[in-house]
Amino acid sequence: MSNAKIESYSRALFEIAKAEGNLSVVEDELFRMARAIESNEQLRGILTDSTIPVDRRQQVVEKLLGGKASNTSVQLVSLIVGAGRARDLPAIVDRLVQRASSEQQREVAEVRSAVALSEDQTKRLAEALGKSTGRKLNLKVVVDPSVLGGLVATVGDEVIDDTVRTRLEQLKTRF
Amino acid sequence: MNLMSGVLFGAGDPSQTHHWLLPETAEIIYGGIASLIIFSALYKFAWPMIVKSMQARTAKIQKELDGAAAARTKSEADATGIRRALGDIDAERRRILAEAETQAAAILVDGRARLVKEVAELEAKAEADLAAARGRSGEELRGEIVRLSSAAMAASIVASLNDRAHQDLIEGFINSVGATK
C-alpha cells in the first residue's frame with residue numbers, strides 16, 4: 001500500500017481513538033495487535049486471505065480481541081481487516097503510534113524482551129531511556145522470544161542492544 | 001582302239017553327217033559371231049560397271065583399312081595417354097602418401113607436445129585442487145566446529161536462562177541505560 005494510504009488510514013484511526021477519548025489505550029492495544037500479526041504467520045495468513053469472506057475474518061478479530069482489548073480497538077482492527085488492508089495493519093499502527101507520540105511531544109521507543117516486563121520495570125526503563133536519550137518517550141514493549149534474553153531498545157535511529165542473541169552472534173564472529 | 005576311235009569320230013555310223021560332239025560349221029560360225037557380239041557388248045557395257053564396282057569396293061576397303069589404321073593410331077595414343085595418366089596417378093599417389101605421412105608425423109609431434117603440456121597442466125591443476133581441498137577441508141572443519149560449539153553454547157546459555165536470569169538481565173539493562181547520558 002502506498003505511504004499516502006497508510007497515512008490516511010493512520011490519521012483516521014488516530015482521529016477516531018482521540019474522539020473516543022482513549023487514544024493511549026487504543027494505540028497501545030493496536031501496537032500489540034500489530035506485533036502479533038507480524039510475528040504470527042498463521043494469523044497473518046487468515047486475516048489477509050482474500051478467499052475467506054470478510055465477515056469471517058472480522059469474526060476472527062473479534063474473537064481474538066474480544067474481552068482483551070477495548071471496544072474501540074476491536075472495531076478499528078475490524079475496520080482495517082474489512083477494508084482488505086490487514087497486510088498493512090502493522091505499518092498503519094506504527095504510523096498511528098508515531099502520530100500519537102508526536103501529539104504528546106514524545107518519541108516512540110520500542111523495546112523487545114524475551115519475557116514480559118512488569119509495570120515497575122516498564123516505568124523504570126522508560127525513565128532510564130528518557131534520561132539516556134534526553135527525550136520524552138512513548139515506550140512500547142514487545143515480547144519477542146527470539147532475543148533469547150536481555151533487552152534491545154530502538155529510539156529513532158538509535159539502538160541499544162544488550163540481548164543474549166546479539167552476544168551469541170558476537171561470540172560466533174570471534175571464532 | 002577301234003571302239004574308242006569310233007566313239008570319238010563316229011566312224012562306225014556312215015549315216016551320221018557330222019560328228020556327234022562337234023557342231024556343224026555354220027553353227028560354229030553363227031555361234032562364234034554371236035559370242036563375239038555378246039562379249040563385245042559385255043565389254044562395252046558391263047565391264048565399266050564391273051570396274052567401277054571393283055574400284056568402289058577397293059576404295060571402301062581402303063577406307064575401312066584407313067579407318068582401322070586411324071582407330072589403331074588413336075587407340076595407341078589413348079593407350080599411351082592412359083599409361084602416362086597411370087604414371088601420373090602413381091606419382092600423385094606417391095606424392096599424396098608422402099604428404100600424408102609428413103602431416104601425420106607433424107600431427108604426431110604436435111599431439112605429443114600438446115599431450116605433454118595437457119598432462120603437465122592437469123597435474124598442476126590436480127595439485128592445486130588437492131591443496132585447495134586440504135585448505136577447504138580445514139576451513140570447513142573449523143567452521144563446523146565453530147557452528148557446533150556455538151550451537152552447544154547457545155543451547156547451554158538458553159537452558160540456563162531461567163526467570164531469575166531474565167530478571168537480572170532486564171535489571172542490568174535498566175541500570176546500565178540509566179547510568180549513561
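The model on display is predicted. In total, chain A holds eight helices and four strands.

With chain A still selected, display its surface. The accessible area is about 9,200 Å², and carbon and sulfur atoms contribute 47% of that area. Of the 175 residues in this chain, 42% count as buried. Among contacts in chain A with a separation of 6 or more, 65% join residues 24 or more positions apart.

Next, select helix 2 (residues 23–39) and helix 5 (residues 71–82) of chain A, whose axes come within 9 Å and cross at roughly 50 degrees. Helix 2 of chain A is therefore oblique to helix 5 of chain A. The crossing of these two helices is right-handed.

Show the side chains where the two helices meet. Helix 2 of chain A contributes A:Val26, A:Glu29, A:Leu30 and A:Met33, while helix 5 of chain A contributes A:Thr72, A:Ser73, A:Leu76 and A:Val77. Sorted by class, this contact comprises five nonpolar, two polar and one charged residues.

Finally, move to chain B and select B:His166, which lies in helix 3 (residues 163–179) of that chain. Is B:His166 buried or exposed? B:His166 counts as buried, because its relative accessibility is 10%, below the cut-off of 20%. Which residues surround it, leaving aside its neighbours within four places in sequence? In chain A, B:His166 is in contact with A:Ala114, A:Val115, A:Leu148 and A:Gly149; in chain B, B:His166 is in contact with B:Leu161.

Technical notes. Residues are numbered from 1 along each chain as its sequence is written. Chains are lettered from A and ligands numbered from 1 in the order in which they are written. This is a predicted model: local features need pLDDT of at least 70, side-chain atom pairs count only at pLDDT 80 or more; totals for chains, interfaces and linings use all residues. Side-chain values use heavy atoms; hydrogens and water are left out. Buried means under 20% relative accessible area, exposed over 50%, partly exposed in between (1.4 Å probe, protein chains only). Contact means heavy atoms within 4.5 Å. Accessible areas come from the Shrake-Rupley method with a 1.4 Å probe; for residues, only the protein chains shown count as cover. Axes are lines fitted to C-alpha atoms, for helices over the stretch in contact, and angles run from 0 to 180 degrees between N-to-C directions. Angles under 35 degrees count as roughly parallel, over 145 as roughly antiparallel, 65 to 115 as roughly perpendicular and the rest as oblique. A crossing is left-handed if the near helix is turned anticlockwise from the far one by less than a right angle, and right-handed if clockwise. Ala, Val, Leu, Ile, Met, Phe, Trp, Tyr, Cys and Pro count as nonpolar, Asp, Glu, Lys and Arg as charged, and the others, Gly among them, as polar.
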